[in-house]
Amino acid sequence: MKKKLLIAWLAVAAALCPAGAWAQALHVSMKDGKVFTFQLAESPKINYSGTAFTVVGNASEISGEMSQVERIYFDATPSGIASTKADRRAQLKAGLGQVTAQGLNAGQVMIVSNLKGQVVAQGRADADGQCTVSLAGMQPGIYVVRAGSASLKFSLKQ
């Protein structure tokens with residue numbers, strides 16, 4: 001039933017999307033606050049089996065139960081401009097196996113990308129404007145964190 005509802009929702013969203021305003025990414029927002037992003041250029045595949053789901057892209061994969069999903073949506077800002085509202089100056093720090101941000105607007109997204117520009121982790125600021133993203137399981141390398149108008153490049157070592 002959920003599969004049919006998702007397919008119907010995707011069809012309606014595609015029909016209502018104005019010409020020239022196509023989305024650039026598919027987002028899977030989990031109830032635990034994690035958000036997974038799949039660039040549409042990767043042609044992500046969504047598979048269902050009973051109540052379980054899997055989304056597979058070129059750079060990442062997520063699987064779980066549909067009951068864990070808060071929402072699945074496409075970005076509505078192909079220009080890359082998420083908001084015209086000014087944000088507070090974010091302060092970003094990397095260390096102790098995590099990246100933290102303070103001074104964000106509530107709900108603002110913090111994105112961790114590798115040097116290829118692929119999103120490897122992201123989180124959303126809480127009501128106090130704080131966000132923490134774990135670096136556990138990430139490969140050693142150089143990463144860039146973006147939140148609002150702030151950015152930070154850091155090196156992750158073993």
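How much space lies in the second largest pocket?

## Second largest pocket

In this predicted model, the second largest pocket holds about 510 Å³ of space. Its lining is made of 23 residues, and Phe36, Val120, Ala121, Gln122 and Val133 are the closest to the pocket centre.

Strands β2 (35-39), β10 (119-124) and β11 each give two or more residues to this lining. The largest share is that of β10, with 6 residues. By residue class, the lining of the second largest pocket divides into 11 nonpolar, 9 polar and 3 charged residues.

## Nonpolar cores

The largest nonpolar core has 19 residues. Those with the most contacts inside this core are Leu92, Leu104, Met110, Val112, Cys131, Val145 and Phe154. At least two core residues come from each of β8 (98-102), β9 (109-114), β11 (131-134), β12 (141-147) and β13 (150-156).

Leaving aside residues up to four places away in sequence, Cys131 touches Val99, Thr100, Ala101, Leu104, Met110, Gly123, Arg124 and Ala125.

## Aromatic pair

The structure holds 1 aromatic pair. The ring centres of Tyr143 and Phe154 are 5.8 Å apart and the ring planes stand at 25°, so the pair counts as stacked, the cut-off being under 30 degrees. Because Tyr143 lies in strand β12 and Phe154 in strand β13, the pair ties together parts 11 residues apart in sequence.

Both partners fall under the 20% limit for buried residues: Tyr143 has 7% relative accessibility, and Phe154 has 9%.

Methods. Residues numbered from 1 in each chain as written. Predicted model: local features only at pLDDT ≥ 70, side-chain atom pairs only at ≥ 80, totals over all residues. Heavy atoms only, no water. Core = buried A, V, L, I, M, F, W, Y, C linked by side-chain atoms within 4.5 Å. Buried < 20%, exposed > 50% of the residue type's maximum accessible area, 1.4 Å probe, protein only. Helix = DSSP H or I, 4+ residues; strand = E, 2+ residues; numbered from the N terminus. Contact = heavy atoms within 4.5 Å. 1 Å grid on protein atoms, 1.4 Å probe; cavity = no way out; pocket = protein on both sides within 12 Å on 5 of 7 lines; lining within 4 Å. Points joined across faces, edges and corners; volume = space filled by probe spheres on them. Nonpolar A, V, L, I, M, F, W, Y, C, P; charged D, E, K, R; others polar. Phe/Tyr/Trp six-rings, centres within 6.5 Å; stacked < 30°, edge-to-face > 60°.
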